Every structure is written in structure tokens, then in C-alpha cells.
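Student: Hi! Could we walk through the charged pairs and the packing in this one together?

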Amino acid sequence: MRRATVMGGGVAGLCVATELVARGCEVTVFDPAARPGPHSCSWWAGGMLAPFCEGETAEEPVVRLGKEAADWWAQQGVAVAHRGTIVVTLGRDRRELDRFARRTDGHETLDAAALARLEPDLGSRFDRALHVSAEGHLDPRAALIHLRERLDRAGVAFVAEPGRPDGLTFDCRGLVARDKLPDLRGVKGEMAVLRCPDIRLSRPVRLLHPRFPLYVVPRAGGLFMLGATQIESDDRRPSVRSVLELLSAAYALNPAFGEAELVEIGVDARPAFPDNLPRLRRQGNTIHVNGLFRHGFLLAPSLARMAVEAACDGTKPEFWHEDHD
């Protein structure tokens with residue numbers, strides 16, 4: 001049985017470990033934390049599986065490979081909601097919706113009546129929207145916990161203290177891997193969780209705005225995740241300005257959010273390379289899986305599959321880089 005070591009227990013590391021187990025490998029994961037939690041950048045993700053919407057600003061591979069994500073997560077037993085994404089804009093920013101429509105595919109235009117049939121709490125507030133029906137979303141925290149428990153049952157060893165890797169190593173440490181990948185940079189993202197039983201949404205909603213676009217992702221128990229800022233910094237302290245912008249945008253989406261309970265504010269720095277595309281980089285016996293930027297849950301399944309194919313089948317997949325001494 002082939003042995004492999006995975007460094008890091010975030011979304012990239014857990015996806016790589018899952019793919020290795022499927023190949024019959026004996027896997028050890030080095031992760032300083034006992035369980036998924038706030039220490040991981042993945043913990044603060046929105047969980048939107050929205051390749052078409054990401055196509056507004058992302059490169060073509062993000063859209064193409066992102067289309068694999070929903071099926072992969074469902075195959076692992078993670079609950080994936082397949083209700084699409086709603087995209088709206090305030091009246092003064094109507095041109096933003098037209099621009100978004102030109103830059104993306106897979107959507108249909110809704111009038112107020114059609115929007116109200118999908119999301120009654122929005123239909124009276126917006127006379128026009130886009131519905132991207134092929135997209136989905138998941139609860140990222142539940143997904144991380146599920147993968148971890150599934151790997152535990154499969155016999156994967158989780159070790160807190162890093163030792164000498166035995167066999168092939170997959171480095172999935174995010175920004176910590178800058179000791180080996182100096183071209184990684186941090187992109188700060190802030191989010192908030194609100195509890196608002198007066199609002200019901202069944203799918204993610206993106207509110208376009210020239211300065212601070214917002215997405216709202218519904219979760220169980222009347223919770224909503226608001227995200228997310230994108231700041232060129234690896235600072236992990238929440239800022240008053242960003243939180244105010246998130247909450248102001250949510251209020252503009254629906255004033256009922258003004259009465260919501262502020263449950264949580266979170267911030268972390270997402271690992272990104274200069275072009276915001278991921279890398280599979282081989283250094284000796286180590287394959288680095290990194291640079292997922294804001295596309296962790298969307299691209300981690302494809303990156304994990306390609307990394308394991310490279311290791312087990314000798315392929316040189318997309319995003320492949322090999323460092324030579």
C-alpha cells in the first residue's frame with residue numbers, strides 16, 4: 001500500500017486526503033488542531049459553489065473546473081443545495097447588473113414577479129434580477145467536519161506534531177507554506193453571521209455594488225453568512241470599515257436585517273498567487289496544493305484530483321509547476 005502524507009487539515013488538505021484514500025493509499029495528515037475550526041481559513045468561507053458567477057472576474061479554468069465541485073461534494077455525502085444564485089443590484093446601480101450579465105453565462109433574467117416566486121422576501125424590493133439556476137451552495141463548516149469524520153472512519157491518521165514525512169507529501173498549508181512558496185500572498189476576507197428569523201432566503205443572493213459587493217448565504221436556524229471583503233493584506237484583524245460596509249449592504253438588500261442579531265464576525269487571509277490562479281508545484285518529493293484564493297470549496301476537489309493523479313499516474317495536469325535544483 002502506498003504511503004502519503006498531507007500537511008494541513010483545511011479544505012485543500014481534506015480533499016487531497018479523500019482522493020488518496022479513494023486510491024487505496026495509507027494516509028497521515030499533519031494538522032496542529034484536533035478538529036476543523038476557526039484556525040482554518042476554510043472555516044470562514046461562504047460555501048458557494050458558483051462557477052458561473054465567479055466568471056465575472058475569474059479566469060476560464062475557475063469556471064470550468066468549478067463545475068465539478070457540487071457533484072464531488074455530494075459524492076462525499078455532503079449536503080449540497082441545488083437552488084441556484086440570485087443576483088440583484090440597487091436601482092442607482094442598475095448598470096452593474098447589465099455588466100455582470102455580459103460577463104457571465106448560465107443565467108436568466110427575472111422580473112419582480114418571477115423573483116417573488118423564487119424569493120418572496122426580495123420580490124417587492126427589486127424589479128429585475130438574474131437567476132443562475134445551475135449553481136449550488138453548502139455549509140462549509142459542516143462539510144469540513146463531515147470530511148474529517150469520514151477520513152477518521154477510513155483509518156486516516158491525524159497527527160498534531162509534524163514529523164518527518166514518510167513517502168510522498170502533499171503540502172496544503174495555505175499561507176503558512178510561504179516558507180517554501182515565497183510568491184504566495186495573503187488576501188484578507190471579512191465576514192459576518194447574522195440571525196434574522198424575519199427573513200427567509202432559500203439560495204445565495206449577490207448584491208452588486210461598485211465599491212463593496214455583498215453576498216448573503218442562508219444557513220440553518222435562521223442564520224445568514226454575509227461576505228466578503230477582499231483586501232490585499234494578510235492582517236487577520238477585523239476592521240470597523242469593512243464590517244460597516246457588510247452590514248450596510250445587508251440593510252440595503254432588506255431593511256429587516258437591521259433587526260438581526262449579530263452572531264459572529266470572522267476574518268482570515270486567503271492564500272493567492274500573483275495571478276489569483278492555484279498552483280500544483282512539485283519540489284522534490286513534495287507536491288504543493290495552494291493558491292485557492294477565494295475559490296476554496298469550488299476548486300479544492302479538482303485540484304485534489306489532479307494532484308493525486310500526478311502522484312499516482314505520472315500525469316502533468318493543469319496548473320502544474322515543477323521546481324528543479
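Tutor: Happy to. One cut-off first: a salt bridge here means a side-chain nitrogen of Lys or Arg within 4 Å of a carboxyl oxygen of Asp or Glu. Keep in mind too that this is a predicted model.

Student: Okay, so which side chain of opposite charge is nearest to Asp31, and how far away is it?

Tutor: That is Arg148, at 4.5 Å. The cut-off for a salt bridge is within 4 Å, so Asp31 is buried yet has no salt bridge.

Student: Where does Asp31 sit, and what does it touch?

Tutor: Asp31 lies in the loop between β2 (26-30) and β3 (48-49). Leaving out residues up to four places away in sequence, Asp31 touches Gly9, His39, Val159 and Ala160.

Student: How many salt bridges are there by this rule?

Tutor: The count comes to 27. One of them joins the side chains of Arg294 and Glu54, at 3.2 Å from N to O.

Student: What does the pair of Arg294 and Glu54 tie together?

Tutor: Arg294 is in the loop between β16 (286-290) and α10 (296-313), while Glu54 belongs to helix α2 (residues 51-54), so the pair links parts that are 240 residues apart in sequence. Arg294 is partly exposed, at 30% relative accessible area, whereas Glu54 is buried at 6%.

Student: And what's the N to O distance between Arg173 and Asp179?

Tutor: It is 2.8 Å, and their side chains meet in a salt bridge. Arg173 is partly exposed with a relative accessible area of 21%, and Asp179 counts as exposed at 53%.

Student: Now Glu190 and Lys188: buried or exposed?

Tutor: Both are buried: Glu190 has 0% relative accessibility, and Lys188 has a relative accessible area of 6%. They form a salt bridge whose closest N and O atoms are 3.9 Å apart.

Student: Which residues share partners with them in a network?

Tutor: Asp235 and Arg237 do; salt bridges with shared partners join Lys188, Glu190, Asp235 and Arg237 into one network.

Student: Switching topic to packing. How many residues are in the largest nonpolar core?

Tutor: The largest core has 67 residues, and those with the most contacts inside it are Val6, Val16, Leu20, Trp73 and Phe170. The element that gives the most to this core is α10, with eleven residues.

Student: What does Val6 touch?

Tutor: Beyond residues up to four places away in sequence, its contacts include Val16, Leu20 and Phe170. Also among them are Val27, Thr28, Val29 and Phe30, as well as Cys172.

Student: What about a second core, how many residues does that one have?

Tutor: The second core is separate and has 26 residues, including Leu90, Ala114, Leu194 and Val216.

Student: Last topic, backbone angles. What's the phi of Asn276?

Tutor: Asn276 has a phi near 65°, a positive value in a residue other than glycine. For background, most residues other than glycine have a negative phi. Asn276 is found in the loop between β14 (261-272) and β15 (279-283), and counts as partly exposed at 24% relative accessibility.

Student: And how about Phe293, what is its phi and where is it placed?

Tutor: Phe293 has a positive phi of about 55° although it is not a glycine. Phe293 is in the loop between β16 and α10, which is also the loop that holds Arg294. Phe293 is buried, with a relative accessible area of 8%.

Conventions. Residues numbered from 1 in each chain as written. Predicted model: local features only at pLDDT ≥ 70, side-chain atom pairs only at ≥ 80, totals over all residues. Heavy atoms only, no water. Helix = DSSP H or I, 4+ residues; strand = E, 2+ residues; numbered from the N terminus. Buried < 20%, exposed > 50% of the residue type's maximum accessible area, 1.4 Å probe, protein only. Lys, Arg positive; Asp, Glu negative; His and termini not counted. Contact = heavy atoms within 4.5 Å. Core = buried A, V, L, I, M, F, W, Y, C linked by side-chain atoms within 4.5 Å.
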